[in-house]
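Here are a few friendly notes on the charged side chains, to read alongside the model.

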Amino acid sequence: MKKIFTLLAFVGLSVASYAQLNGSGYYRAMNANTERYIYVIDDKGFISLQANAADTKAIQLRKGKEHVFDNPSSVLYGLSKGGNLWDLQAQGSGVYGIIGLDVTVKSFASDGGNPYEVSGTTNGQTVYLVDKEQEMYEEYGKLDTGGSSYKRWMITPMDQTENYLGITPNVQANDKYYSSYYVSFPFSFHSEGMKAYYVTKVDTKNNVVVVKEVEGIVQKSMPVIVECSTAAAETNKLALQDYTKHDAAPADNLLGGVYFSLHNHMYNDRPCGYTEYDPNTMRILSSVDGKLAYVNAAENKDLLNYQAKTVVYDEKAGQKLVPKYLLKANQSYLKVAEGTADVLYVLTEAEYAEKYPPVPETVPGDVTGDGTVDIQDCSSVLNIFLNGSGSADTKAADLNNDGVVDIQDVSIVLNAFLSSK
């Protein structure tokens with residue numbers, strides 16, 4: 001039996017909610033005493049009973065229902081394993097896959113529903129998940145594995161009314177609202193007027209990117225641009241889909257994404273869950289002159305999560321604090337090659353085809369541009385060589401690009417004509 005219970009807390013809460021409904025699904029969890037909700041903000045926590053050590057900073061407890069509606073880290077997916085055993089999936093992590101353990105959920109309600117106690121047991125030792133913060137008025141609590149009476153949890157299934165997940169857009173452009181979005185679960189749209197796009201092409205010659213609309217369900221762990229209905233999350237509701245399916249994200253998506261932007265979580269040499277912004281290889285969704293664009297965020301504190309004291313680990317110095325610009329949590333971004341322009345305007349496939357129509361493939365010797373090398377091409381080059389006139393212009397007839405139309409160009413077009421027969 002493994003010693004480490006990674007994200008045990010995270011698992012237990014989600015699990016509790018599903019036990020209430022006797023089936024797998026999406027839920028939110030709140031401590032029954034403190035009314036603080038659970039947020040999964042990292043994937044580096046662990047619990048070791050043998051070593052009497054725990055790192056539960058991956059789980060944030062926060063009071064106030066108003067904070068959960070547009071926060072993907074508050075969404076938990078519980079997978080029933082039969083009886084009182086559950087596994088949890090969220091933010092790209094699965095508890096059983098990490099620690100090899102399920103958790104047990106026990107109901108104290110007469111109807112077998114809320115509230116619940118959540119526990120994990122190994123080698124005869126059992127721990128309960130609790131909110132350790134005793135002061136009820138505090139906004140933030142601390143998840144712990146004992147030493148408190150606050151070990152009962154209320155679980156609420158996700159819906160489209162009182163417990164929905166919506167999107168608060170972060171970009172306004174083209175008289176519309178957009179969000180650069182990245183979550184682990186698949187979804188479609190409950191609210192009308194919403195669309196999802198992903199980037200299929202970066203045209204460095206014209207400094208534009210081409211986006212394609214997602215048809216149907218946005219697949220698991222698929223970074224996208226979401227076009228929203230309005231600026232309010234309550235009008236941009238998602239319809240969460242089966243977490244065990246929908247994992248066929250398109251291979252031509254040039255966007256990347258991050259789940260976490262945690263700057264101060266460190267236990268010994270365990271790294272934080274964050275991604276540092278790289279101005280050479282990343283561009284962030286924004287608005288330029290009222291148009292949707294990907295930009296070099298550089299040191300833009302609106303587009304990035306700037307932390308003056310980010311915790312890092314150095315083998316010699318140990319933990320230390322350094323300033324960093326981080327990608328925001330649940331943010332998608334564009335991956336680019338070094339040397340890419342700072343601003344790349346966003347075009348749909350139709351807009352790109354209209355503005356930058358494809359150049360027909362040239363055939364060597366086809367100076368008339370009709371797609372074939374025929375006697376007319378030979379005649380045109382010969383006339384220009386002999387008389388300085390013909391149906392082909394001088395530049396097109398200069399087949400070897402030496403600046404003049406001479407006998408060598410005539411020879412090239414004749415050979416091309418004969419080889420095509």
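**Notes on the salt bridges**

1. Let me begin with Arg152, which counts as partly exposed because its relative accessibility is 33%. Please keep in mind that this is a predicted model.

2. The partner to look at is Glu117, which forms a salt bridge with Arg152, with 3.6 Å between the closest N and O atoms. Glu117 sits in strand β10 (residues 116-122), while Arg152 lies in the loop between β13 (140-144) and β14 (153-157); the two are 35 residues apart and link distant parts of the chain. At 7% relative accessibility, Glu117 is under the 20% cut-off and therefore counts as buried.

3. Lys151 belongs in this picture too: a network of salt bridges links Lys151 with Glu117 and Arg152.

4. Next, have a look at Arg283 and Asp342, whose closest N and O atoms are 4.0 Å apart in a salt bridge. This pair also connects distant parts of the chain, with Arg283 in strand β23 (residues 282-288) and Asp342 in the loop between β27 (331-335) and β28 (343-348), 59 residues apart. Arg283 is buried, because its relative accessible area is 2%, whereas Asp342, at 46% relative accessibility, counts as partly exposed.

5. Which side chain does Arg36 meet in a salt bridge? That of Asp131, at 2.7 Å from N to O. The pair links strand β2 (residues 36-40), where Arg36 is found, to strand β12 (residues 130-131), which holds Asp131, 95 residues apart. Arg36 and Asp131 are both buried.

6. For your overview, the count comes to eight salt bridges, including the Arg36 and Asp131 pair.

Terms used. Residues are numbered from 1 along each chain as its sequence is written. This is a predicted model: local features need pLDDT of at least 70, side-chain atom pairs count only at pLDDT 80 or more; totals for chains, interfaces and linings use all residues. Side-chain values use heavy atoms; hydrogens and water are left out. Helices (H or I, at least four residues) and strands (E, at least two) are DSSP runs, numbered from the N terminus. Buried means under 20% relative accessible area, exposed over 50%, partly exposed in between (1.4 Å probe, protein chains only).
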